[in-house]
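Open the structure in your viewer, keep the sequence beside it, and follow the stops below in order, selecting each group of residues as it is named.

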Amino acid sequence: YTMKLAALCLPLFLSFAGFSAAAENHCSPAVGNMPASCLTEQYTMSVLWYQNAAEARAAFYQGYQLGRLRLEQALNKKSVKPLAVVLDLDETVLDDSPHQAWLLKNQQFLLAGWDEWVEMAAAEPVPGALDFLRFADEHGVKIFYLSDRKQSQFDVTLSNLQRINLPQARRENLLLKTPEMHGKQSRRDALESKYNVVLYFGDNLADFIDSKGKTQEERNSMMEAHRQEFGDRFIIFPNPMYGDWYGGVIGDKFNADYNEIYKLRRSRLTSFK
């Protein structure tokens, strides 16, 4: 009986083993010609954390509550220029994680489906953003939404901000990127010439300093040089899903072979021995 049972189970066991091996090899650099879905799948944990973790929501509340304290301090000081706050949009004011989840469920990569998501104007505010912005607006502080979204997405982005009732969601308060712009520094400089910008909010180092296109080592060095400003003028939010940090990890080789990108990712991991 035991031998018969083993004979019956062996094909099933082998099929499971074969399936497991195939699944493992499917995303192995040794196989070659790795599909983009293998890289996309690695984002699952970051998107799950962002959408589900109480800690993720707490980080946003913490940042915006700290921002309110800093703004209250600024309101109690004299200023020659009118006060202003400047905020990035995506993953700072707007929650675009449904787009990241769509990438996972559809085995897509990078910016696939992004334009379609933006056109839906369906993004909701991140925790704490609306309360902080209402406080700033009620106290006469100018609000600017500074984003690297394309100018062709201006109207639909403004519609999204207005749909969720963000304060000062007007054309003059929305500053998107034009083709000739490199990063956000020129727009920051223009604002600071007219306003006392007391706070910047973002999820990317480039939302605060001119780090666009820098290597990971350069970005880390620039951050260290400005570390005293984080928690003071700079309020940064965690974004494990995407950002310039990832470009730094892979040396901006976004168009490289998927196998090479996989190896670049693993090469930046530090483990114990």
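In which sense, left-handed or right-handed, does helix 3 pass helix 5? Before looking, note that this is a predicted model, in which local features need pLDDT of at least 70 and side-chain atom pairs count only at pLDDT 80 or more, while totals for chains, interfaces and linings use all residues. Residues are numbered from 1 along each chain as its sequence is written, and side-chain values use heavy atoms, with hydrogens and water left out.

**The whole protein**

Begin with a cartoon view, where you will find twelve helices and seven strands; helices (H or I, at least four residues) and strands (E, at least two) are DSSP runs, numbered from the N terminus. The protein has 273 residues, of which 42% count as buried, where buried means under 20% relative accessible area, exposed means over 50%, and partly exposed lies in between, with a 1.4 Å probe and protein chains only.

**Helix 3 and its two partners**

Select residues 97-105, which form helix 5, together with helix 3, and you have the answer to the opening question: the crossing is left-handed, a term used if the near helix is turned anticlockwise from the far one by less than a right angle, with right-handed used if it is turned clockwise. The axes of these two helices come within 10 Å and cross at roughly 145°; axes are lines fitted to C-alpha atoms, for helices over the stretch in contact, and angles run from 0 to 180 degrees between N-to-C directions. Show side chains next, since the contact (heavy atoms within 4.5 Å) is made by Thr 44, Val 47, Tyr 50 and Gln 51 of helix 3 with Ser 97, Pro 98, Gln 100, Ala 101 and Leu 104 of helix 5.

**Helix 7**

Select residues 129-138, where the buried residues of helix 7 are Ala 129, Leu 130, Phe 132, Leu 133, Phe 135 and Ala 136. These buried residues pack against helix 4, strand 1 (83-87), strand 4 (142-150) and strand 6 (196-202). After helix 7 comes Gly 140, whose phi is positive, near 75°.

**A buried arginine**

Move on to Arg 188 in helix 9 (residues 185-194), which counts as buried because its relative accessibility is 2%. Leaving aside neighbours within four places in sequence, Arg 188 is in contact with several residues, among them Leu 146, Tyr 200 and Asp 207. The C-alpha atoms of Arg 188 and Asp 207 are separated by 9.3 Å, although the two residues are 19 residues apart along the chain.

Most residues other than glycine have a negative phi.
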